[in-house]
Amino acid sequence: MRAASTSRLLDLEELVPESARRARAHQARDSEDLAAQLFASLNAQLPGVPAALLESSDHARTEQPARSAHSILAFSFGAQAATVSHLKGQTSVTTPAGTTEAQQPFFSWLAENWSRPADQAAADGDPDQPPRDTPRFALGWVGWLGYELKRESGSADLAGTALEQSGLPTQEASLFRATHAVVIHHGTGQLELQCLDPSTESDWEEQVIRALARPVPAGSAARRVDGSDAAPQGTAAVQDVAVRDSRSTYLAAIQAAKREITAGNSYEVCLTTAVTGTLAPGHASGVDLFAVLRARNRAPFTAFLSNGETEILSTSPERFLSVSAGGTVRSEPIKGTRPRGDTTAADRAMIEDLRTHPKDRAENVMIADLVRNDLSIHAVPGSLRTERLCAVETYPSVHQLVSTVSAQIPDEVPRARVVADAFPPGSMTGAPKISTMEILQRLETGARGPYSGVAGYFSTNGAADLAVLIRTAVLTGTPGARQLHLGLGGAITADSDPAEEWEEIRTKSRGVLEALGATFPDSAPEASR
């Protein structure tokens with residue numbers, strides 16, 4: 001595909017007239033929420049266009065500003081627009097000229113359509129570019145890869161099984177070619193405008209300026225990015241909420257997983273279930289629901305993706321894999337969760353318990369070791385590093401235990417192969433990865449879909465940044481019958497307490513469900529907790 005043709009870096013204060021800045025301030029527009037506000041405005045101007053907001057919604061609050069330095073708004077329209085979908089070995093590419101289909105593995109297609117340009121080495125030393133080990137967005141492909149692509153990474157489908165698909169997309173991967181984009185550099189207050197066709201540069205700049213200057217209508221998604229206009233307490237955006245597995249069924253699966261561990265077939269099994277529901281009348285806009293979610297669950301990898309009937313609403317805190325143009329790969333697996341405390345003292349106690357609990361540390365160390373193995377496949381000898389091990393990070397509804405692993409990959413290694421050999425995220429499978437995924441196929445009662453897959457971008461400069469799709473609501477179906485799917489899971493080890501694992505599922509659901517005015521759908525009373 002063609003490289004990015006134009007890229008302009010502009011100061012926000014120079015783009016917006018003083019009168020418009022005063023109007024924005026009057027309407028409570030805040031630089032903390034600029035990316036979501038601008039995306040909502042542009043998305044409204046471009047109805048039906050494949051679009052994505054890959055946002056560091058925690059950039060003004062995080063203790064790691066370098067990781068949350070940018071937000072990306074990407075769209076696909078015009079003569080070079082394209083979408084890609086994949087299902088069980090069939091890859092379809094749609095452009096304005098029509099649709100072509102081929103029997104081809106997804107990662108094979110990706111290798112043919114995403115690579116490091118031969119002239120990228122010269123750009124690596126450019127002082128205006130980010131450091132060599134930092135990914136930089138430069139148009140390219142944007143979208144999500146679902147968990148079921150694992151069949152291309154060594155875990156074949158289990159013969160003779162038909163998993164529950166309720167609320168899931170028909171595709172197993174969905175990308176679009178970003179023809180137009182805005183990158184917001186939060187630290188400098190600058191906007192980088194990108195477009196694939198040089199002849200559209202001035203039109204795109206004018207469209208962005210109009211979106212920045214336009215007053216925000218009361219009740220719009222752009223007004224709700226701070227949560228102030230969320231649905232009143234007691235109202236629910238989601239109805240007919242149900243959990244796929246009853247408590248007794250899930251606890252039985254946990255016991256089965258523990259037997260597999262005792263038998264030596266796995267060390268850790270990341271077992272999952274799902275909550276499903278339908279959108280209530282008047283709540284059909286995924287952008288509106290996303291506005292409420294991100295306001296309550298700010299995270300470094302917040303994302304909204306819309307392509308066809310499928311919308312992904314994610315408040316993920318976890319990076320699956322980043323690849324810089326210079327060849328640095330980095331993964332930040334999360335394993336270990338505690339809810340926020342009701343008081344400062346209780347919150348500190350939760351942090352200390354998470355930081356020191358042997359089970360959580362064991363889970364995290366096992367997955368960090370798995371990630372080291374995944375990255376070592378292609379790493380330059382001596383470049384593999386564990387930058388952090390079992391660090392605690394705090395988010396609005398939970399504390400998480402996080403590690404960071406990095407490596408350098410040689411220029412000659414296909415970057416799609418690096419992604420494929422690390423996929424799916426080890427934090428969502430368990431260890432060893434292949435044998436544990438085979439166990440999960442026998443224990444789980446439904447397909448995962450986008451959940452526990454990844455979302456992000458594959459850029460024309462060879463860079464990529466992909467987040468794990470956790471804390472993620474998936475919307476599918478026609479406007480009058482929108483379905484919701486919320487995947488949930490936890491790591492099972494030899495000393496897991498089944499009742500505590502069920503409570504962890506409930507804890508993880510809280511951030512998304514409460515934002516939608518819903519609660520976890522408890523089963524009828526069963527065995528005591």
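Modeller: A residue counts as buried under 20% relative accessible area, as exposed over 50%, and as partly exposed in between, with a 1.4 Å probe and protein chains only. Helices (H or I, at least four residues) and strands (E, at least two) are DSSP runs, numbered from the N terminus. This is a predicted model, in which local features need pLDDT of at least 70 and side-chain atom pairs count only at pLDDT 80 or more, while totals for chains, interfaces and linings use all residues. Residues are numbered from 1 along each chain as its sequence is written, and side-chain values use heavy atoms, with hydrogens and water left out.

Biologist: Which residues of H8 are buried?

Modeller: They are Gly286, Val287, Leu289, Phe290, Ala291, Val292, Leu293, Arg294 and Ala295. Helix H8 (residues 286-296) is largely enclosed by the rest of the structure because 9 of its 11 residues are buried. Across the protein chain, buried residues make up 58% of the 529 residues, and the chain has 13 helices and 24 strands.

Biologist: How are two packed helices described?

Modeller: By the angle between their axes and the distance between the axes. Axes are lines fitted to C-alpha atoms, for helices over the stretch in contact, and angles run from 0 to 180 degrees between N-to-C directions. Here helix H4 (residues 106-113) packs against helix H11 (residues 415-422) at an angle of about 150°, the axes being 8 Å apart. H4 is therefore roughly antiparallel to H11; angles under 35 degrees count as roughly parallel, over 145 as roughly antiparallel, 65 to 115 as roughly perpendicular and the rest as oblique.

Biologist: Which residues of H4 and H11 meet?

Modeller: Contact means heavy atoms within 4.5 Å. From H4, Phe107, Leu110 and Ala111 meet Ala416, Val419 and Ala420 of H11. By class, this contact has 6 nonpolar, no polar and no charged residues. Ala, Val, Leu, Ile, Met, Phe, Trp, Tyr, Cys and Pro count as nonpolar, Asp, Glu, Lys and Arg as charged, and the others, Gly among them, as polar.

Biologist: Is glutamate 32 buried or exposed?

Modeller: Glutamate 32 is buried, at a relative accessible area of 13%. The residue sits in the loop between helix H2 (18-26) and helix H3 (34-45). Leaving aside neighbours within four places in sequence, glutamate 32 has contacts that include Glu55, Ser57, Arg294 and Arg298. Its C-alpha is 7.4 Å from that of serine 57, 25 residues apart in sequence.

Biologist: And where does glutamate 504 lie?

Modeller: In helix H13 (residues 498-515). Glutamate 504 is buried, with a relative accessible area of 18%. Beyond neighbours within four places in sequence, glutamate 504 is in contact with Thr337 and Gly490.
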